[in-house]
Amino acid sequence: MVTISSQLPTAELQALDAAHHMHPFSTQEKLAARGARVITRGEGCWLTDSDGNRILDGMAGLWCMNIGYGRTEMADVAAKQMRELPYYNTFFMTTHVPAIALSAKLAEVAPGDLNHVFYAGSGSEANDTNIRMARVYWAQKGKPSKQIIISRKNAYHGSTIGGASLGGMTPMHEQGGLPIAGVHHIDQPNWWAEGGKMSPEEFGLERARQLEQAIHDLGEDNVAAFIAEPVQGAGGVIVPPETYWPEIQRICDKYEILLIADEVICGFGRTGNWFGSETVGWKPHIMTIAKGLTSGYQPMGASLVCDEVAAVIGACEFNHGYTYNAHPVAAAVALENIRILQDEKIVERVRNETAPYLKEKWEKMVEHPMVGEAKIVGMMGSLALTPHKESRAKFASEAGTVGYLCRERCFANSLVMRHVGDRMIISPPLVISKPEVDTLIERAWKSLDEGMAAAKKEGLWQAAS
Ligand code: PXG
């Protein structure tokens, strides 16, 4: 048996991968025919693949590598914790020091009275917790009919049955009999794609008021909570018009429902504040966190819970828990991650220096002939591709065909920039420097030029009628 290591030729690693590794959100056959890209190292904002190419990671892994790759302090903390106490559970009236320290730290950095933490292994698991917690909360308060969670189309809340049901991704609902009962989806605030002839301001209000309409239609007595990402990430970095969030807050204040902010992407500095709720001026009762909690160095998610909900839940036995709740190694790594974010003032640097610098350059991308809208909040940005800017036309080809061509050109130009349908998106590590921002913009522009040329060559430069 040969030892499998990065010393093996790429083709051999790819063949083994195709033979045994089932990839998420992929068509395995197509991937096997082509061969997966093998990533071998990470340093700061840069990845190295098995052929020695250096690639600028414009997606921070999967929206998570906030402090950048290769921080040896993180490895040291993990090794120390593994030697001391690699695992213990927090069931059966026990706890451990990393769980205590991280919970206190999260209560310190979280806004408002989100002073309590229920841990999970991922964002999806945390959202499953949230569904149960919201329903148990109302049952405990003598209102067991309050069961329905209102969410939004094109939202992403995870891949577990609960998370995918909360999410509003049609291709996910088409597989495996989703969504579960008791989840209702309203429309998303995507003005570019769905705003029609309305101004962005009018459209923002119209979309927010769908929440009020849904509460009326479903009956306030049946609605437990509203869940939303401050900025929809996986849906294509959809930045709502400015009228949207204040109206949502007004509606949530008026009716007796819980607000759940899914901060899995927006949390830990991504929007230029510690949490996206602060950026959009929203006061949630529960917050879902994961990704930037550990900067992806360890898998961990959690629900941050306000005093009132924690007190009600705390008065009953909440029959819910995961083997890896508050895993000590993940907790120690999360603490070190937060220490780095705080000591190095990474969030402040994003807010005051690098995000404004990136914003100026990103918004100029609207001058590219294929870009109709360039949106950015902190360190998450999107470009809407179009064959005709004035009419905000979609391409005649199946959604994502042109986006995919551009994504391919990004790969060829050693930049990770994703496509979601025909939107291009970025979410770089928060430690990206100004010269690295310049490189990102240069490569993105070049990739769009090449993607546009390829679209024209393949007869795809056509507007949908
Ligand atoms: N909520 C949000 C807002 C997310 O972005 C989850 C929950 C689920 O977290 P876990 O840790 O269970 O994956 C996420 C995850 C994409 C993509 O294609 C995004 C995510 C996951 C996978 C793919 O952009 N976000």
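**Figure 1. The hairpin of strand 14 and strand 15.** In the hairpin formed by strand 14 and strand 15, two residues lie between the strands, and G421 adopts a positive phi near 60°. Strands here are DSSP runs of E with at least two residues, helices are DSSP runs of H or I with at least four residues, and both are numbered from the N terminus. Three bridges link strand 14 with strand 15 in the antiparallel sense; two strands are said to pair if DSSP finds at least two bridges between them. H419 faces M424 of strand 15 across this pairing. The model shown is predicted: local features need pLDDT of at least 70, side-chain atom pairs count only at pLDDT 80 or more, and totals for chains, interfaces and linings use all residues. Residues are numbered from 1 along each chain as its sequence is written, and side-chain values use heavy atoms, with hydrogens and water left out.

Figure 2. Four strands, in the order 11-12-15-14, make up an open sheet with antiparallel pairing. Its edges are strand 11 (371-377) and strand 14 (418-420), each of which pairs on one side only. From one strand to the next, the twist averages 25°, where axes are lines fitted to C-alpha atoms (for helices over the stretch in contact) and angles run from 0 to 180 degrees between N-to-C directions. Strands of a sheet pair through backbone hydrogen bonds, in either a parallel or an antiparallel arrangement.

**Figure 3. Strand 12 and its two partners.** Strand 12 (residues 380-385) runs antiparallel to strand 11, and six bridges join the two. In this pairing, V377 lies opposite M380 of strand 12. Strand 12 also pairs with strand 15 in the antiparallel sense, over four bridges. There, S382 has I425 of strand 15 as its bridge partner.

**Figure 4. Side chains of strand 15.** Which residues of strand 15 (residues 423-426) point one way, and which the other? R423 and I425 point one way, M424 and I426 point the other way, and all are buried. Buried denotes a relative accessible area under 20%, exposed over 50%, and partly exposed in between, calculated with a 1.4 Å probe on protein chains only. In a regular strand, side chains alternate between the two faces of the sheet.

Figure 5. Strand 2 (residues 46-49) and strand 3 (residues 54-57) run antiparallel and are joined by three bridges. T48 has R54 of strand 3 as its bridge partner. The two strands form a hairpin with four residues between them, and G52 in the turn has a positive phi of about 90°. Strand 3 is also joined to strand 13 (residues 415-416) by two bridges, and these strands run parallel. In that pairing, D57 stands opposite V416 of strand 13.

Figure 6. T10 belongs to helix 1 (residues 10-20) and is buried, with a relative accessible area of 15%. Apart from neighbours within four places in sequence, T10 contacts S50 and D51, contact meaning heavy atoms within 4.5 Å. A60 belongs to helix 3 (residues 60-63) and is likewise buried, at a relative accessible area of 0%. Its contacts beyond four places in sequence are M65, Y69, R270, S427, P428 and P429. A60 and G44 are 16 residues apart in sequence, and their C-alpha atoms are 9.8 Å apart in space.

**Figure 7. Packing of helix 5 against helix 14.** Helix 5 (residues 97-109) packs with helix 14 (residues 328-343) at an angle of about 35°, and the axes are 9 Å apart. The crossing of helix 5 and helix 14 is left-handed, a term used when the near helix is turned anticlockwise from the far one by less than a right angle, clockwise being right-handed. From helix 5, P98, A99, A101, L102, K105, L106, E108 and V109 meet P328, A331, A332, A334, L335, I338 and Q342 of helix 14. The residues of this contact comprise twelve nonpolar, one polar and two charged. Ala, Val, Leu, Ile, Met, Phe, Trp, Tyr, Cys and Pro count as nonpolar, Asp, Glu, Lys and Arg as charged, and the others, Gly among them, as polar.

**Figure 8. The protein chain as context for the close-up views.** The protein chain has 17 helices and 15 strands. Buried residues account for 53% of its 465 residues.
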